[in-house]
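User: Before we use the labels for this model, I want the criteria behind them. Please set each value against its cut-off.

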Amino acid sequence: MTDTTDAPVARRVPTIRTHHGDTVEDSYEWLRDKDDAGVIAHLEAENAYTKERTAHLAGLRESIFAEIKGRTLETDLSVPSRRGDWWYYGRTVEGQQYGIQCRAPISAPDDWTPPELSPEVAVPGEQVLFDGNAEAKGLEFFSLGAFDVTDDGRLMLWGVDATGDERYTVRVRSLETGETFADELTGIAAGAQFSPDGRHIVYSTVDDKWRPDTVWAHAVGTDAAADVTLFHEPDERFWLGAGFTRSDKYLVIGMGSSITSEDWLVPASDLTAAPTVVWPRREGVEYSVDHAVLDGEDVLLILHNEDALDFELVRVAASDPTGERTVLLPHTPGTRLIDVDCFRDFATIEYRRDGLARVGLLDYATGAVDELAFDEPLFAAGFGGNREWAPPLLRLGYDSFVTPSTVYDYDPAARELILRKRQPVLGDYDAADYAQARVWAPAADGTQVPVSLVWKRSFGEAGAEPRPLHLYGYGSYEHSIDPRFSIARLSELDRGVVFAVAHVRGGGEMGRQWYEDGKLLYKRNTFTDFVDSARHLVDSGYTTPERLVAEGGSAGGLLMGAVANLAPELFAGIVADVPFVDALTSILDEDLPLTVIEWDEWGDPLHDADVYAYMKSYTPYENVRSGATYPRILAVTSLNDTRVLYVEPAKWVARLREVGADALLKCEMVAGHGGVTGRYNAWRERAFELAWLLDVLGLAEA
């Protein structure tokens, strides 16, 4: 057993809380005050201890970093996307952390074939719009949260977060003269954008709980003090945001909780006009809106779940949204409609069926959906980067566990995919050397849980004999973990590790009911599904507990903490990234960022005794078990994270140490929820985690 006697010991300062007649003494709540020098000293001691305990992995970390770097084409260009009279694309340059945004002129109005770009060949007429490396100079943290160019190509805006707290400062620059305007919008949320005429910037600000609650219009070239409020949402359960329809007809101001939404329309030509509601909010009804022109009439296509668990798509007159509805795509149980995106001549549809993302085109005239077919058993696909209203081609992204990220253009007229680019993987990568498959793990209640796997064939078929296995999980917010390609993952696959994802309830992989069955008072299903998936992989001969490591982040970190308590004997190690492991304490404090919003997902333990008791029964920090033999645990967090505060894993690790667990805490002192910024920094961070994981699996020398 590892000697942990030199591990930092957090001092105990009892804090008492009482709710619903239940009194709890929390010895580590003092760690919440990051302005306390003692807290910072403790976090630095934790970092020093983790560095010492992982010093023997320095060589492996460097090897993995070199492998990631060596497989990545560092100087590369993205496939250009057309907007107006320009092709827009990004560059990466060897040795530089951040991307460079560029553009080049189209050759003619009917030029829809993106130029094939090569790093070695100069692009005629290229303009460098934004060099992230130059903008990040002198900053320890740099995150771009907004980037937009006016439709006429004259102005550019960008928003930068320099601390990791996801609050951005937006500036404006002329692309004709290079002049940076005096305009400065500070402390705003991500996603600022120009109005279609380029005269205004629409952006959101947050309240004192960091909830986006107000949408503003800023007239370019004026002082921000004169900005106009377009909409304010006072209900603390609702987030607010805004975006323009592709038709440039409307600004859609949307607000939503986890279970209810409401959209308002403002004419894009007059942002000062009074917003009009599409459908007044009704508790439990979610919907989204896009604008189309059919037979000369302005219509709204509304995707909603009113009496339609997996959603249906209807058409209404834009002049009377609450009037007669025409059903375009009826509710079909098991086919979860996700998104509709309107163009002049058709709409793209994204949905999920049988645990996989699907994409298709909706014919306005017939209502038929032409689904795009792919020949792999597991894949991820989605439309994106299509800014034009009437394009003859549609940009599509595709990948799988074994197929690198691929860019296609889809020709609706010819019904064919045109390959534009596949992510280069340097070295001897051959997709045929790897295999992917899906198995089904029986949960205790009989539910079949899909588990996706990928492995390298040269080590034998997965399941033929026990192998080291890395099991990932999430299972919250109806978020789906799709089978996507990862260069970094090759470093573990090439050492014989099988990588798997347990698509547990609480996620969205199997439709809305899958999500409903893993939230609120059914949240335990998320944890038991993961445990049952792990047991199935062990019982079926894929792995053994001594060769099994689990990983999850954020709400998936809550999953990791829960399964560590439920079945510590099943795992050799657990990686918990920015883990939500002190969930009850956080959700009880309505003054914390995001808490009230989260009540729709987890329940309201502050006012509901049953929810309090249920959450207390599973929240990881509350349920660390004396006498349990825990697996090795690595918790990774960031000091400036505003979504899952660093204090949660800090307290959890301190509590785990009390019961003798071998737990490490790594805290980035200048970063946020997404961790470090810069691609090389991110590669080093992943190399750190993979080296630790391989060490747990006994493959540190492989």
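User: Why does V578 count as buried?

Analyst: V578 has 10% relative accessibility. Buried means under 20% relative accessible area, exposed over 50%, and partly exposed in between, with a 1.4 Å probe and protein chains only. The value of V578 is therefore in the buried class. This is a predicted model: local features need pLDDT of at least 70, side-chain atom pairs count only at pLDDT 80 or more, and totals for chains, interfaces and linings use all residues. Residues are numbered from 1 along each chain as its sequence is written, and side-chain values use heavy atoms, with hydrogens and water left out.

User: Why is W210 called partly exposed?

Analyst: W210 has 26% relative accessibility, so it counts as partly exposed. W210 also has a positive phi, about 65°, although it is not a glycine, and lies in the loop between β13 (200-206) and β14 (212-219).

User: What makes T585 buried, and which side chain has a polar contact with T585?

Analyst: T585, in helix α8 (residues 583-588), is at 11% relative accessibility and so counts as buried. Its side chain is joined to that of D582 by a polar contact of 2.8 Å. A polar contact is a pair of N or O atoms within 3.5 Å; within protein, one must be able to donate a hydrogen and the other to accept it, and residues adjacent in sequence count only if both atoms are side-chain atoms. Setting aside neighbours within four places in sequence, T585 contacts R17, D26, E29, R32, E622 and K651, where contact means heavy atoms within 4.5 Å.

User: How do you know that D608 caps α10?

Analyst: A side-chain oxygen of D608 lies 2.9 Å from the backbone nitrogen of D610, at the N-terminal end of α10. In helix α10 (residues 609-618), the buried residues are V611, Y612, Y614, M615 and Y618. Their cover includes β1 (15-19), β2 (22-26), α6 (524-539), α7 (555-566), α8 and α9 (595-602).

User: What makes a set of residues a nonpolar core, and how many residues has the largest?

Analyst: A nonpolar core is a set of buried Ala, Val, Leu, Ile, Met, Phe, Trp, Tyr and Cys residues joined through side-chain atoms within 4.5 Å. The largest has 133 residues, and those with the most contacts inside it are L453, L469, L471, F530, F571 and Y630. Helix α12 (residues 679-696) gives the largest share of this core, ten residues. Apart from it lies another core of 17 residues, including A292 and L303.

Key:
Helices (H or I, at least four residues) and strands (E, at least two) are DSSP runs, numbered from the N terminus.
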